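Work through the exercises below with the structure open. Try each task before reading its solution.

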Amino acid sequence: MKKMKWAGLVLAVTMGLAVLSGCGGSSKETLNIYSWADNFDADVLAAFEKEYNVKINYDVFANNEDLLAKIKAGGGGYDLIQPSDYMVATMIKQDLLSPLNKDNIPNFANIDEAFKNPSFDPDNKYSIVYTSGVTGIAYNKKYVKEEIDSWEDLWNPAYKGKVLLLDDNREVIGMALKKAGKSNSSTDEAEITAAVEDLKTLLPNVLAFDTDNIKQKMIQEEGWIGTVWSGDASFIAKDNPDVAYIVPKEGGTIWSDNYAIPKGAKNQELAEKFINFMLEPENSAKNYESIGYSDPNTKAHEFHSEEYNNDKMINLSPEELSRTEWLGDVGDKLQIYDRFWTELKSGRE
Amino acid sequence: MKSKSHPLLGIHSLLVMIFIYVPIAIIIVYSFNSSRLAADWSGFTFEWYTSLFSNRHVMEALSNTLTVGVVSTLVSTLLGTMAALSMRKVSRRMKAGMGGLLYLPIIIPDIIMGLSLLVLFTQFHIPLGKLTIIIAHITFCISYVFVIITTRLSGMGGQLEEAAQDLGANGWQIFRHVTLPQIMPGIISGALIAFTMSLDDFMVSFFVSGPNSTTLPIYIYGQVKRGISPEINALCTILILVSITLIFLAQFVLNRGKGQKKQSVLPF
Amino acid sequence: MKKSSLGLMPVLLWLSLFLVVPMLIVIGISFMGRDELGNVVFDFNLDAYATFFDPLYLGIYWDTIVLSVLTTILCLLLSYPLAYYIANAGPKMQTWGLALITIPFWINFLIRTYAWVLLLRTQGVVNNLLIDLGFIQEPLQMLYTKGAVLLGMVYTFIPFMVLPIYVALEQMDKKLLEAASDLGATGWKAFWHITLPQTRSGIMTGAVLVYVSTTGMFVVTDILGGAKSAMISNIIQSQFLGARNWPFGSALSVIFVITSLILIGLFNKAMTARHLKVKGGR
């Protein structure tokens, strides 16, 4: 009977697959980390596990909003999380973070002064910077012959259908605000409206809104020019040397990912030891060398390779950094940003 | 049974199959590409296959995904089949109500299901982990099994069952020898969809997962920011090949069994 | 409750606990207010529902419905003949047919969708092939268009259409068809008057599954559409995450679920009515 056969087949397949996958478990003390994927060098994590005789559980989220929704609903049981700058501010306001005990993190002294006491967390009470970068313009010299130095250049009709924008309302509207010489975190409705009207004239040039795959789109030359994070630009330039990067004269947005400990974490002390371990100069160098992001650890400089230290897209100049601004919390005006963003992306009003 | 299908039908089917498999072929080809960013073809390598097996995160995620998939498919297939069969015997009003309820999990946006279950679990202090993911998956998988089996039942008259009853068969016998064989294709198709849905679910799993219960979709979505590692392509290639081989083997074994005695292959 | 409906009890219990209770929470939130931080506060109002009637959101819902209906029709046209072919093949081929249709979808959805990016981008496989064959000089911009979104949707949901139609076709009484052809009915006539009506439950299930899943999908528009169009589920998603407006997100969901249920009910009725007419005419 053929009908019987299918039952057997499906059973066989599912059971076979289940057997393929093993099982594991241990009773050691566990550090539960919740972060972006591939955000640490696996060897450095293993070294920490060995030195402290603990197990690291490393789970991943895909964006700050997912992280917030989950932590807010009480989900997790995580000891260490890595929110971005504005999300640290939000989490502090919502009382979701636990103050750090700096006594357990003496290596905090190694952090570059420029990244200490950021506006979103004065005194570093709740967070310590992990990595940071800037939103600027990446462009492909093969197609873009003009000199690029301003956000205005994205509006050039020669790039019709070839401009890439980050898929993020604050980044893109913030960019248009910067272009108009305003703060990227404006709460003035007239200013925001003007910026959005300006962006509507940019739409014919836009190939796609994308945050995650903008690298592939630049490498494959689908897009010629776009708003790109400095760290991503370094990735792109390694695969496609025609791609150049600048921080526009009007200035760009600076961002950071940070260490923080959620309220109610079971292993706060272990998490702090982990942060300290990661800030050891040699560990630090090894880690950032492997993940390819900027290292805020001044003491690690000498342990980095020449190639890393010379990468202008990873190590931005103080002059470039001086032209940048953090994305501040806009409070309830976020609703206005969101509605305008929906208008922009749906092409409706 | 001899197929009297029109040749055009065969061509159409072949084209749809090609449509389904072209992206799969691309995935397989790129699992041997030495470029990390899945950009251009930059040379042949086995690197991703070797590094895949030493990647603890992927292996754990795979194990979690399959455990969740198998358990939630089995439970939801059982519950969905029971529900579909019982629906035949209830009043019209009850039918409409239950029908609507059973369609709900398919209609509800994933994020609503994920967040609301997360709130529920934390309120009742149920620790987040594989168990909560399984519960969530069963909840939406039941619906898929239910609608497919209902499809089957709606085209099925009750005559055979009545005849069996007239011949003195008891309830269990009727179920085992008459009803079950008739709805088996529905059960299989329903279970296949349920398993597929479970394997692919990201949103719901994301919210109801806890430490140490990362599933493959959660892992893969997390990797998007850095560029999904070609190790995942390698993993997908292996999964496809293993699945097809298992089906081939199962069919081989079943065919041998058939040669000896037709019904001895499976207990029912 | 009658003994015969005992089989419903476990499902009823399960769904009450893990579906109805959470749904009630969502309905509750949809009538509440929110503070500046995005926390839900108790303040009964209908603002969230009023916001939906903003032409912006109504328009997006309309776009979503149009795309979902198109996807459903295309899936049906592609799937019916395939399901028919499988259902009429030998038992061995049936097993292989079902397996070969389902297994590709055990590969992660994101990976499958990115494979389409590799195929369709300007320096992708399809463009390179067309250029090498001399059909085109300049690469076509296929990605980040509405067509690419439609293709991605159809691709993603084909099995949802094939499986139910197969399930319905497989049990069809083939003697009816033989009788029809004995009586001189041509292939088309027999198909139109016998096969199609007999498999309407399969079509109905498949259509509902594809339609509902398409309306709920948002990643395809992001990856293949370049995030240049919004689906209602993108909006729901962003209300819960980026915009932190849970009451509006909840209200959208409630409206979405209710309209979907109504559409399914209407569709069900239409299919049944059609069936009766055919039956009457016979």
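Predicted model: local features only at pLDDT ≥ 70, side-chain atom pairs only at ≥ 80, totals over all residues.

Residues are numbered from 1 along each chain as its sequence is written, while chains are lettered from A and ligands numbered from 1 in the order in which they are written.

**Exercise 1. Describe the build of chain A.**

Step 1. Chain A holds 13 helices and 10 strands. Helices (H or I, at least four residues) and strands (E, at least two) are DSSP runs, numbered from the N terminus.

Step 2. The radius of gyration of chain A is 23 Å, close to the 20 Å that the globule rule gives for 349 residues, so chain A is as compact as a globular protein of that length. The radius is taken over C-alpha atoms, and the rule is 2.2 Å times the number of residues to the power 0.38.

Step 3. The C-alpha trace of chain A spans about 70 × 60 × 45 Å along its principal axes.

Step 4. Of the 349 residues in chain A, 52% are buried. A residue is buried if 20 or more other C-beta atoms, placed from the backbone, lie within 10 Å of its own, exposed if 12 or fewer, and partly exposed in between.

**Exercise 2. Is A:Val129 buried or exposed?**

Step 1. Locate A:Val129 in strand 4 (residues 127–140) of chain A.

Step 2. A:Val129 has 22 other C-beta atoms within 10 Å, so it is buried.

Step 3. Leave aside neighbours within four places in sequence: A:Val129 is in contact with A:Ile111, A:Phe115, A:Ser256, A:Asn258 and A:Pro296. Contact requires C-beta atoms, placed from the backbone, within 7 Å.

**Exercise 3. At what angle do helix 6 of chain B and helix 7 of chain C cross?**

Step 1. The axes of helix 6 (residues 130–154) of chain B and helix 7 (residues 146–170) of chain C come within 8 Å and cross at roughly 25°. Axes are lines fitted to C-alpha atoms, for helices over the stretch in contact, and angles run from 0 to 180 degrees between N-to-C directions.

Step 2. Helix 6 of chain B and helix 7 of chain C are therefore roughly parallel. Angles under 35 degrees count as roughly parallel, over 145 as roughly antiparallel, 65 to 115 as roughly perpendicular and the rest as oblique.

Step 3. On the chain B helix, the contact uses B:Ile148, B:Thr151 and B:Arg152; on the chain C helix, it uses C:Leu163, C:Pro164, C:Val167 and C:Ala168.

**Exercise 4. How do helix 3 and helix 10 of chain C lie to each other?**

Step 1. The axes of helix 3 and helix 10 of chain C come within 9 Å and cross at roughly 140°.

Step 2. The pair is therefore oblique.

Step 3. Among the residues that meet are C:Leu67 and C:Thr71 in helix 3 of chain C, and C:Ala207 and C:Val210 in helix 10 of chain C.

**Exercise 5. How many residues do chain B and chain C give to their contact?**

Step 1. Chain C gives 69 residues and chain B gives 74.

Step 2. Helix 1 of chain C supplies the largest share of the chain C side, 11 residues.

Step 3. Helix 12 of chain C is among the elements that give two or more residues to that side. Nine of its nine residues are buried, so helix 12 of chain C is largely enclosed by the rest of the structure.

Terms used. Contact = placed C-beta atoms within 7 Å.
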